[in-house]
Amino acid sequence: MDRARADRARADRAKADRAEGTDTRRRAALAVLGAAGVTTVLAATGAAPAHGAGAAAPAHGAGTAAPVPDAAPRAGRRAGPRPPAAWFGAELRRIPTTRKVVALTFNAAWDESGVDVVLAELRRRKLPATFFPTGSFARAHPAAVRAMAAAHGLGNHSYSHPYFDDLDTSERQDEVRRADAAIREASGAEPLPFFRFPYSQTTDESVADVNDLGYAVVEFTTDTNGYLGPEGGMTVDRVVRRAVDALAPGAVLQMHVGSTGDGVVLDALALPRIIDAAQAAGYGITDLRGFLTDAGEADDAPD
């Protein structure tokens, strides 16, 4: 993403914040469905195994209508781990917990320049993270996605990284389904029922469209802006400062594993210092997979 696209994303976000009206009835219904353990065949996926093993069930293909949610399980519906009910009906920008924990998340939409460095650092420290690849990234870099899935959870970041505000419901859901299929094929693992919008461009309607497929929307407390790179005015020091300034119970940090084309992945370079600073401040690194619940269990996230 270049600087102009980043500016547009911020402008779109401001426009969404100013938009009047909310689809409260629809979102309330989604929360009730979440509480009842409702999932679709596509998105009732649960956490990827710790070492990425296990074949995934086939996803709906592009253009296939999503099952209509209901409160009672139907034949063929898989009951797997799901997000807490409170995570439906709105975008999540901070984990609802009082514990001093922070979640490390990485988007993967361009090149894989920083993947090996990030995974090596996490492995060295035995720490978890969640990766949000796009479907097109998974198609282009399957080995990188398999490496992510070997020890970490994989979310869904759309197939082609479009502006969701420019799409209708059918197109949005097609983006989610196509990404799910590509990530499954590349990783050989079960994607998590977590979705992150391209450019963080969320609206009430688009969140509801994603929730309808069984995905909770996990955005972020702060983006380190490392993706802007040196040409965008960022440095390792500035990346670390943005992360440290956002530390709070349940904070979700967004970073990226790719570069803007210059081959410099500031988030990968800053990761050791970000982890050191968080731990020095008394924060643990939490795994989003640990907040999933089995159908019938309590829906409250651990605190």
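Predicted model: local features only at pLDDT ≥ 70, side-chain atom pairs only at ≥ 80, totals over all residues.

How many aromatic pairs does the structure hold?

Mentor: The structure holds eight aromatic pairs. Let's begin with Y163 and Y199, whose rings are stacked, with 4.1 Å from centre to centre and 10 degrees between the planes. This pair joins distant parts of the chain. Y163 belongs to the loop between β3 (153–154) and α6 (169–187), while Y199 belongs to the loop between β4 (194–195) and α7 (204–211), and 36 residues separate the two. Both Y163 and Y199 are buried.

The next pair is F164 with F197. Here the ring centres are 5.2 Å apart and the planes stand at 80 degrees, so this pair is edge-to-face. It too links distant parts of the chain: F164 is in the loop between β3 and α6, F197 is in the loop between β4 and α7, and the two are 33 residues apart. With a relative accessibility of 1%, F164 counts as buried because the cut-off is under 20%. F197 also has 1% relative accessibility and therefore counts as buried.

Elsewhere, ring pairs join W87, F194 and F291 into a cluster.

Some rings also have a charged neighbour. R178 lies over the face of Y159, 3.9 Å from the ring centre. In a second case, the charged end of R196 sits over the ring of F132, at 4.3 Å from its centre.

Helix α5 (residues 142–149) meets α6 at an angle of about 80 degrees, and their axes are 8 Å apart. Angles of 65 to 115 degrees count as roughly perpendicular, so α5 is roughly perpendicular to α6. On the α5 side, the residues in contact are P142, V145, R146 and A149. On the α6 side, they are I183, A186 and S187. Sorted by class, this contact has five nonpolar residues, one polar residue and one charged residue.

One last stop takes us away from the rings, to a glutamate. E121 is found in helix α3 (residues 115–125). Its relative accessibility is 11%, so E121 counts as buried. Leaving aside residues up to four places away in sequence, E121 touches L271, P272 and I275.

Terms used
Residues numbered from 1 in each chain as written. Heavy atoms only, no water. Phe/Tyr/Trp six-rings, centres within 6.5 Å; stacked < 30°, edge-to-face > 60°. Helix = DSSP H or I, 4+ residues; strand = E, 2+ residues; numbered from the N terminus. Buried < 20%, exposed > 50% of the residue type's maximum accessible area, 1.4 Å probe, protein only. Lys NZ or Arg CZ within 6 Å of the ring centre and 35° of its normal. Axes fitted to C-alpha atoms, helices over the stretch in contact; angles between N-to-C directions. Parallel < 35°, antiparallel > 145°, perpendicular 65-115°, else oblique. Contact = heavy atoms within 4.5 Å. Nonpolar A, V, L, I, M, F, W, Y, C, P; charged D, E, K, R; others polar.
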